[in-house]
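Please examine the sequence and the three-dimensional structure shown below.

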Amino acid sequence: MESIRVSRLLSLAAIGAVVAVCAGSGLARPAQPAQAVLTEATGDLRLANSRDGQAIFQASGLAPGRSVTGTVQLVNAGTLPGDLSLQQLDVQDQPGAGGGRLSNAITLDIKDVTGGNSVPIFAGQLGGLGSRQLGAIGPSEARTFRFTASLPDGGLPPGPTAGDNAYAGSGLTVRYAWTATATGTGPGPSEDVKPVVKIKVLSKKLLKRGFLDVMATCDIACRVSAYAKLPKAKRAKKAARTRSRTATLTTPKKAARIRLKVKKKARRRLAKTLRRKKRVVLRVVVRVSSAGGGPSTTYTRKASVKRLKRKRIRR
């Protein structure tokens, strides 16, 4: 008997803090998700969800080897700072005729992409998230998270109910809760610990695309802030600098990207300087502290920007 592959349609939906997945030869209808669970701490700490009552992502016909992505923004609408966390409350599999459990097949990738950053939060099987600490969220501060759900391609199934075909007709519902807890007034036990940090600055895309990438890795959960200072241009009153960007690195030893955007005016001045020089050196200031708070350590890194090479046009 020849191996066959059953055509499947998937529907993924995350309403507030719920994900529902269905697979089958026809489009199954997922259970109605509940609203996002937002826990308010004592005091004026209020968490607003940009996707409350709406889908973070929704797709049909998601085939093996394909992904679906969506983002959600959380805002601290109160006046108190808080510690943000994401918890997976329950995973409910509804296996189809082949007995496949989608929680063991679908992979989930979550990143904090606030301000163009890319900070890893979780990457693995959808059912294995558990809970994750996401760091501090200050008053009026917004945090943006990107969810990517993928269905890996297992290749040609060996039979009608084996391999990828085992997931035909299966369903999955997952509930998540965003929680904000008011920050205590006293120092935590981890605040005296200084993170060991590795920093690298990537400047190749500055002139063409207008940003610098600061890659940072900590041995413990840490909070990293960075800004870049450009050389003072001729006749300019002061040196231009980027806005400071901050990211909370919750996963130890996982590299995170902090993106610093350079304004067009500053880029034009930089390009003008590079007409006279082969390269210009920028200064990047990085401040690192434990995610639990405490004193910060300041690091300085230099980044070299080279003159763009002109392409020769052959006639």
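Asp 109 forms a salt bridge with Lys 111, the closest N and O atoms being 2.9 Å apart; a salt bridge here is a side-chain nitrogen of Lys or Arg within 4 Å of a carboxyl oxygen of Asp or Glu. Asp 109 is partly exposed, with a relative accessible area of 21%; buried denotes under 20% relative accessible area, exposed over 50%, and partly exposed the range in between (1.4 Å probe, protein chains only). The model is predicted: local features need pLDDT of at least 70 and side-chain atom pairs count only at pLDDT 80 or more, while totals for chains, interfaces and linings use all residues. Residues are numbered from 1 along each chain as its sequence is written, and side-chain values use heavy atoms, with hydrogens and water left out.

In another of them, the side chains of Arg 143 and Asp 112 meet at 2.8 Å, N to O. This pair links distant parts of the chain, 31 residues apart: Arg 143 belongs to strand β11 (residues 142–151) and Asp 112 to strand β8 (residues 107–112). Strands (E, at least two residues) and helices (H or I, at least four) are DSSP runs, numbered from the N terminus. Arg 143 is buried, at a relative accessible area of 3%, and Asp 112 is buried with a value of 3%.

A salt bridge also joins the side chains of Asp 213 and Arg 259 (2.9 Å, N to O). Because Asp 213 lies in strand β14 (residues 211–218) and Arg 259 in strand β17 (residues 256–261), the pair ties together parts that are 46 residues apart in sequence. Both Asp 213 and Arg 259 are buried.

The search of the whole structure also finds 1 disulfide, defined as a pair of cysteine sulfur atoms within 2.5 Å. Cys 218 and Cys 222 form this disulfide, with their sulfur atoms 2.1 Å apart. The torsion about their S-S bond is about 85°, so the disulfide is right-handed. Cys 218 is buried, with a relative accessible area of 2%, and Cys 222 is buried with 0%.

Strand β15 (residues 222–229) runs antiparallel to β18, to which 8 bridges join it; two strands pair if DSSP finds at least two bridges between them. Val 224 has Val 288 as its bridge partner in β18. On pairing with strand β19 (residues 293–306), β18 is again antiparallel, over 11 bridges, and Val 281 is partnered by Ser 304 in β19. These two strands, β18 and β19, form a hairpin with 2 residues between them.

Which residues touch the most other members of the largest nonpolar core? They are Val 214, Val 224, Leu 249, Leu 260, Leu 270, Leu 282 and Val 286, out of 31 residues. A nonpolar core is a set of buried Ala, Val, Leu, Ile, Met, Phe, Trp, Tyr and Cys residues joined through side-chain atoms within 4.5 Å. Strand β18 (residues 279–290) supplies the largest share of this core, 5 residues. Apart from it lies another core, of 26 residues, including Leu 108, Ile 121, Ile 137 and Tyr 167.

Leaving aside neighbours within four places in sequence, Val 286 is in contact (heavy atoms within 4.5 Å) with residues including Ile 199, Val 214, Val 224 and Tyr 299. Thr 250 is found in the loop between β16 (245–249) and β17 and is buried, with a relative accessible area of 16%. Not counting residues up to four places away in sequence, Thr 250 touches Pro 120, Ile 121, Gln 133, Leu 134, Gly 135 and Ala 221.
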